[in-house]
Amino acid sequence: MNTATLHETQALHAIAAAAAATAITTAVVVPYELHLIPLSRLRPSSRNVRKSGGTSISELAASIARVGLLQNLTVTASPDGAHFEVVAGKRRLAALKLLVKRRKLDKHHPVPCLQVPDASARTVSLTENVQREAMHPADQFEAFASLVAEGRPVEDIAADFGVTPLVVQRRLRLANVSPRLLADYRADEVTLDQLMALAITDDHAAQETAFYESPHWQRSPQALRDHLTHEEIEAGRDALARFVGVEAYEAAGGGVRRDLFSDEQQGVYLTDAALLDTLARNKLTAVAEAVQSEGWGWVEIAPRATASELHAFQRARRTRRDPNKTEAKRIAKLEAKRNELQDRLDDEDADLSDDGVQALQDELDRLGNELEAIEQTLMVYAPGVVPMAGAVVSVDHMGGVVVHRGLLREEQARALRVQERQEAGAADGSAGSDDAEPAKAGISEKLAKRLSAHRTAALQAEVARHPHVALVAVVHRLALRVVVDACRMEGSPVNISASPQDGLDAHAPDVAQSPAMMGLREVRQAWADRLPQDPDALFTELLTFPQPELLSLLAVCVAVTIGAVTAREGDTPAALLAQAVGLDMHDWWTPTAAGYFEHVSKAKTLEAVQAFAPEQVNRLAKLKKAELAGEAERLVAGTGWLPGMFRGVEVPVTDTQAVATIEEVTAADVADRADVHLVA
């Protein structure tokens with residue numbers, strides 16, 4: 001490929017400046033020689049073999065304006081004798097024309113061109129495009145870093161190449177990745193997306209550990225990014241970070257790590273969790289003081305209060321007082337208007353545009369909100385409840401303030417029951433023991449199996465992510481059989497015979513599409529595609545695996561054998577295993593009408609509503625079961641509520657300590673100390 005250097009270009013420009021204008025237009029152009037031709041006499045050629053690729057013209061124009069045209073165009077004489085057709089350099093020509101349009105270049109600006117014979121036009125055009133070798137991106141990254149090392153400001157470099165400073169900063173960040181990883185990137189062993197994920201930290205050792213010590217199926221960009229930021233808080237996904245705000249957190253001196261390769265809404269990681277919690281508490285203090293002024297016996301601030309923690313409290317019941325005349329009149333008017341709008345929406349013959357439908361929906365939402373606000377004012381606590389009960393001020397899943405009122409500790413609930421009986425004139429004790437609780441509606445055996453199937457799938461997915469816990473589970477199973485007592489096999493949920501528990505959809509038809517089952521299915525398939533089918537070849541292949549990768553495979557195998565389906569609501573199989581992996585069903589299951597509320601009685605649904613939307617209980621009690629299920633699904637969204645089967649169980653201290661003690665033993669220790677023989 002023939003090119004003109006910057007010095008040659010400058011010399012040619014000087015010659016052109018000295019030439020007369022008439023000389024430029026009448027110059028005799030000789031083939032295979034470099035000439036200066038006025039830009040106005042150049043036009044694209046239909047014989048240019050490159051038909052696509054006309055992108056980034058603006059960036060190229062900016063670069064030419066800054067450093068000049070560094071490579072000549074290749075042309076042939078036009079049949080009209082007045083113009084020249086560009087057979088190689090279409091983007092450069094477009095960039096020059098753009099500079100003329102922006103009035104940064106004269107339309108007669110002399111352009112260095114190499115004229116070739118007409119018969120060679122296509123050959124020359126093809127040669128220039130085929131014989132070029134693109135610069136490896138890693139070379140580009142290092143070249144940008146060299147420019148900065150020479151003292152060039154980032155802004156100047158960006159201007160030279162017609163890009164934003166952010167683009168330059170990203171190249172510099174990639175140049176700072178571990179040399180070992182860059183070498184593997186050049187060898188196509190590491191992808192650009194993986195490199196960008198690893199560039200979130202400048203710690204080369206951490207980058208290499210995250211990549212080389214992870215199994216191949218855990219080297220996705222997101223998995224690598226999660227590995228490097230697992231002790232940090234992703235601001236875009238964390239409720240407390242949204243509540244406090246990144247700017248306020250930074251103003252308070254909080255450390256921030258930014259992923260240059262994410263958009264502005266993502267890729268911001270907060271490194272000081274304690275400071276974030278303190279700022280949240282400070283921001284909630286004013287709310288807590290306002291709630292305290294309502295007369296509650298106690299008010300506590302808990303920024304990250306979970307549904308399971310709130311479930312430890314009992315909730316004081318509220319009753320609905322009759323509305324006064326003004327309130328009743330307003331309620332009737334709002335309900336009439338709502339019914340009218342709903343009839344219009346339901347009318348199939350109504351000629352409504354999409355905007356019209358949306359406007360009706362918005363108005364219905366507004367009416368519903370106003371009715372709900374009035375309903376709230378009608379819900380009152382019994383006398384003496386507010387001074388005894390309390391409230392927790394927290395932050396919901398969306399980063400908004402939420403106040404949980406009417407909470408009762410066990411002793412307060414007991415005292416309130418005594419007070420209520422005394423007020424009812426039941427001082428003779430005929431009402432029963434102070435500790436007596438009203439019977440609660442249970443769930444069916446079928447629903448218990450359905451929910452526990454989802455829990456089993458989630459537990460399998462979590463164990464697959466915790467190789468060490470999987471190893472503990474296997475050793476636990478074997479120790480029960482070989483060391484402790486050969487007859488006591490009921491103490492472990494793991495089936496050591498390696499029987500996959502694939503029948504969960506028999507109990508929960510929707511479990512196959514659950515996040516847990518879909519994720520585990522993908523992992524199993526990835527291993528199936530990788531491992532040989534022949535037993536001898538498989539054994540030989542496994543001998544070559546490093547221990548971390550072997551443990552990852554073990555975790556998947558153990559996970560699939562876990563069975564924890566139960567027919568009873570009160571049972572929680574594999575409780576210790578669930579605790580060891582930190583199973584949180586909030587991550588794996590969402591309450592819906594189809595998945596839960598349609599399968600329980602109205603009483604059970606209202607009991608749930610009492611937990612996550614107590615002010616709605618009286619209103620919902622009037623609905624039919626199908627309508628109640630739909631409303632319950634709408635109200636439960638974002639509250640973090642879970643059925644009792646998913647809230648976990650209390651583990652005795654001795655068992656918890658035992659699990660912790662077992663987990664302190666590393667996988668290597670177990671492998672060194674154990675001589676285990678498995679019999680099929």
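Tutor: A patch of like charge is made of residues with over 30% relative accessible area and no salt bridge, joined within 9 Å. The model here is predicted.

Student: Which residues gather in a patch of negative charge on the surface?

Tutor: Glu-340, Asp-343, Asp-346, Asp-347, Glu-348 and Asp-349 do. Asp-347 lies in the loop between helix H17 (325-346) and helix H18 (354-378).

Student: Is Asp-347 buried or partly exposed?

Tutor: Partly exposed, because its relative accessibility is 39%.

Student: How many salt bridges does a search of the whole structure find?

Tutor: Side chains of opposite charge can pair when their charged atoms come close. The search finds 25 salt bridges. One of them joins Asp-80 and Arg-43, at 3.5 Å from N to O. This pair links distant parts of the chain, 37 residues apart: Asp-80 sits in the loop between strand E3 (73-77) and strand E4 (84-88), and Arg-43 in strand E2 (residues 42-44).

Student: Which residue forms a salt bridge with Arg-450?

Tutor: Asp-510, with the closest N and O atoms 3.5 Å apart. Arg-450 is in helix H21 (residues 445-464), whereas Asp-510 is in the loop between helix H22 (467-484) and helix H23 (515-530). Arg-450 counts as buried at 14% relative accessibility, while Asp-510 is partly exposed at 29%.

How values were computed: Residues numbered from 1 in each chain as written. Predicted model: local features only at pLDDT ≥ 70, side-chain atom pairs only at ≥ 80, totals over all residues. Heavy atoms only, no water. Patch = residues over 30% accessible without salt bridge, like charges linked within 9 Å, V, L, I, M, F, W, Y side chains within 5 Å. Areas by Shrake-Rupley, 256 points an atom, 1.4 Å probe, with all protein chains shown as cover. Salt bridge = Lys/Arg side-chain N within 4 Å of Asp/Glu carboxyl O. Lys, Arg positive; Asp, Glu negative; His and termini not counted. Charge placed at Lys NZ, Arg CZ, Asp CG, Glu CD. Helix = DSSP H or I, 4+ residues; strand = E, 2+ residues; numbered from the N terminus. Buried < 20%, exposed > 50% of the residue type's maximum accessible area, 1.4 Å probe, protein only.
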